[in-house]
Amino acid sequence: FFFVVLAMSCNLAHSAPSVASATGKTVNPFSLLLPSVPVPASLSTSSTPCYRPSTLADVSGNGTAPRKTSALASRPSYSLQAPRQPSKLEAEKDGRWYDVAEAKDLDKAGWRPTAKMPRRFFVGGNWKCNGNRDSIQTLSEALNKGNSVAGTGVEVVVAPPAAYADYTRYLLRPDFEVAYQNCWTGGAGAFTGEVSADMIKDSFSESKWVILGHSERRSLPELKESDDTVAIKTAYALSKGLGVMLCIGETLKERDAGQTMAVNERQLAAVAKRITDWTNVVIAYEPVWAIGTGKVATPEQAQEVHAKIRKWLAANIGEKVAKSTRIIYGGSVNPSNCNILAKQPDVDGFLVGGASLKPDFLKIVDSWRRKLDMEV
């Protein structure tokens with residue numbers, strides 16, 4: 001019986017083109033044997049998937065929408081042999097459509113350091129352990145309505161839960177990068193539950209960034225990552241070509257004890273022992289007492305710590321690294337406080353938690369323009 005089914009499936013596979021031409025639709029030859037499944041964009045076999053604001057939706061293998069949708073972009077059938085490289089997506093800028101590679105070229109050509117903005121603004125959205133397919137689709141459709149950031153003064157990266165990274169990349173506008181929230185200390189092996197930097201680079205999500213050293217991973221009793229563990233992860237991720245959002249920050253008890261910079265410098269020093277190239281490191285200063293509490297460091301407090309971090313970089317790594325490294329702020333950032341924080345000269349962006357799960361995240365992205373209001 002097995003050989004009969006196998007022979008039938010092979011014959012169906014060979015006859016698929018004639019079926020497709022007869023019906024006018026792409027048909028999966030295995031759809032008679034297997035149930036319909038959602039199609040990741042990067043597993044397509046034909047017709048490049050396109051980003052269109054508010055029009056992209058998940059489509060099943062037989063061309064029907066299993067869940068709520070808006071107008072659908074056409075999707076080919078699922079392929080049992082996925083292409084090695086992700087399919088191209090398109091991004092809109094100035095009324096024209098660009099694929100991902102061209103959009104990245106626009107980024108390089110469209111923005112240059114200025115006296116007001118010596119470093120390109122960086123906004124990261126950390127979705128933490130939140131979301132499902134429906135909520136991610138709804139959020140992506142809302143974020144896709146914003147103006148293109150390709151070639152502007154801001155770089156935007158969102159980090160969904162790992163299980164939804166490819167799905168988010170499929171739905172989300174290509175001028176927003178997709179990141180992972182964590183990775184392992186090394187490569188593949190018998191490390192149940194872990195994700196290596198190599199896997200992230202190889203994923204269809206096209207991720208180029210990973211968040212490491214977040215206070216939740218440093219402090220949760222189930223995890224308790226040490227400074228050295230974070231440093232080892234950082235070094236390995238960088239060696240594999242990923243960018244690292246390196247989180248540092250003090251607790252309220254440490255701040256009250258006057259240990260703010262001692263904690264930040266200790267966490268940075270652990271990384272400095274293991275890396276020499278800081279080009280792809282974005283430092284995220286996140287005072288633990290402000291994360292998810294509604295408490296926010298005042299603009300003056302944020303600027304003071306950021307300036308001291310930059311001074312530490314100059315003294316311990318080098319003046320060039322200090323001037324070029326982006327230092328972003330995290331801790332209950334929202335649309336109400338982002339503009340005043342963005343005006344601080346050493347605040348180069350934000351790592352946003354809860355507010356990144358709302359359409360108003362676009363307002364935080366747009367706060368980079370406040371840099372242009374600054375007097376030099």
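Start by selecting Gly-153, which is buried (under 20% relative accessible area; exposed is over 50%, partly exposed in between, with a 1.4 Å probe and protein chains only), its own relative accessible area being 1%. You'll find Gly-153 in the loop between α3 (133–143) and β4 (154–159); helices (H or I, at least four residues) and strands (E, at least two) are DSSP runs, numbered from the N terminus.

Before going on: this is a predicted model, where local features need pLDDT of at least 70, side-chain atom pairs count only at pLDDT 80 or more, and totals for chains, interfaces and linings use all residues. Residues are numbered from 1 along each chain as its sequence is written, and side-chain values use heavy atoms, with hydrogens and water left out.

What else is Gly-153 in contact with, leaving aside neighbours within four places in sequence? Besides Trp-111, show Met-117, Arg-120, Phe-121 and Trp-368; contact means heavy atoms within 4.5 Å.

Next, pick Phe-350. Among the residues it touches, beyond those up to four places away in sequence, are Phe-121, Phe-122, Ile-328, Tyr-329, Leu-341 and Ile-364. Phe-350 is also one of the residues that touch the most other members in the largest nonpolar core, which has 67 residues. Such a core is a set of buried Ala, Val, Leu, Ile, Met, Phe, Trp, Tyr and Cys residues joined through side-chain atoms within 4.5 Å. Apart from it lies another core, of 12 residues, including Val-157, Ala-159, Ile-211 and Met-245.

Time for two backbone stops. Glu-206, in the loop between α5 (197–202) and β6 (209–212), has phi near 60°, a positive value in a residue other than glycine. Glu-206 counts as partly exposed because its relative accessibility is 25%. Then jump to Lys-224, in the loop between α6 (215–219) and α7 (227–239): phi is positive here too, about 50°, and this is not a glycine. Is Lys-224 buried or exposed? Exposed, with a relative accessible area of 54%.

Finally, colour by pLDDT, the predictor's confidence in each residue, from 0 to 100. The mean for the protein is 80, and 71% of its residues reach 70 or more. Select residues 1–99 and you'll see pLDDT below 50; beyond near neighbours in sequence, this stretch has 149 contacts in the model.
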